[in-house]
Amino acid sequence: MEEKEEIERKQEERHTSWVKKVMVTLAIGEAVVIFVGIQFIPWGRANINLPVKAEPKWDSPKTRELFLRACGNCHSNQTTLPWYDVVAPITWIIRRDIDKGRAALNVSEWGLQENEAGEAADTVRNGSMPPTLYALLHPSARLSASDKEAFVQGLVATFGSEQKSEQKSKKKVSDSLRFFPVHEDK
Ligand code: HEC
């Protein structure tokens with residue numbers, strides 16, 4: 001009698017572990033299908049690289065080179081992403097940054113929209129740009145101490161260095177007429 005119970009118990013155990021294996025396999029399969037599936041969502045990859053319309057008057061080719069290297073992926077139309085940026089969902093995260101970065105400052109559409117170039121030197125000096133995580137994952141964006149020094153000077157020479165200043169475009173006229181100009185933080 002006891003033997004029979006023992007056999008039944010073992011069968012039960014075997015069944016449970018089989019069910020567990022199937023569940024795990026299904027879960028992994030699902031994750032793979034989702035991962036592969038999201039690669040077909042075009043948002044993020046569309047319009048990454050766009051034509052250059054107008055560039056600022058760089059103080060030197062070196063400043064331009066450093067800018068495109070360290071900042072260009074998010075602040076120009078000349079975005080060249082390594083393969084690991086083009087894999088969803090990473091591509092969606094970086095795409096949000098590119099869109100927001102271009103909206104703040106785009107050196108390929110110079111003069112066509114208001115921008116925050118006047119803060120560029122400060123962002124490099126205080127280390128807020130390029131963003132830390134981005135610099136960690138993109139070695140080419142890292143600036144050596146001497147590059148950084150030269151770059152800050154180049155940015156000041158090219159864009160000036162007024163804290164929180166904004167290049168005023170025609171659209172900005174109403175703002176500049178305000179008695180207390182409002183800085184809108186996004
Ligand atoms: C990974 C993308 C990315 C890179 C690379 C990058 N930026 Fe930015 N940058 C952004 C985003 C996103 C914003 C908008 C921040 C916001 O709206 O909160 C921004 C904003 C700015 C602003 C506006 C002021 C501010 O702090 O919001 C300046 C100036 C700027 N960046 C300069 C630079 C410079 C100079 C470099 C290169 C050294 C650089 N950025 C590299 C994404 C990037």
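Analyst: Let us begin with burial: a residue is called buried under 20% relative accessible area, exposed over 50%, and partly exposed in between, using a 1.4 Å probe and protein chains only. This is a predicted model, in which local features need pLDDT of at least 70 and side-chain atom pairs count only at pLDDT 80 or more, while totals for chains, interfaces and linings use all residues. Residues are numbered from 1 along each chain as its sequence is written, and side-chain values use heavy atoms, leaving out hydrogens and water.

User: Is glutamate 109 buried or exposed?

Analyst: Glutamate 109 is buried, at a relative accessible area of 17%. Taking contact as heavy atoms within 4.5 Å, and not counting residues up to four places away in sequence, glutamate 109 touches Lys53, Ala54 and Asn77.

User: Which protein donors does the iron atom of the ligand have?

Analyst: Donors are N, O and S atoms within 2.8 Å of the metal (3.2 Å for Na, K and Ca), and since water is not among the atoms, sites may look incomplete. Here the protein donors are His75 (NE2) and Met129 (SD), lying 2.0 to 2.3 Å from the iron atom of the ligand. Histidine 75 counts as buried at 13% relative accessibility, whereas methionine 129, at 35%, is partly exposed.

User: What is a nonpolar core, and how many residues has the largest one?

Analyst: A nonpolar core is a set of buried Ala, Val, Leu, Ile, Met, Phe, Trp, Tyr and Cys residues joined through side-chain atoms within 4.5 Å. The largest has 17 residues, and Phe67, Phe151, Leu155 and Phe159 have the most contacts inside it.
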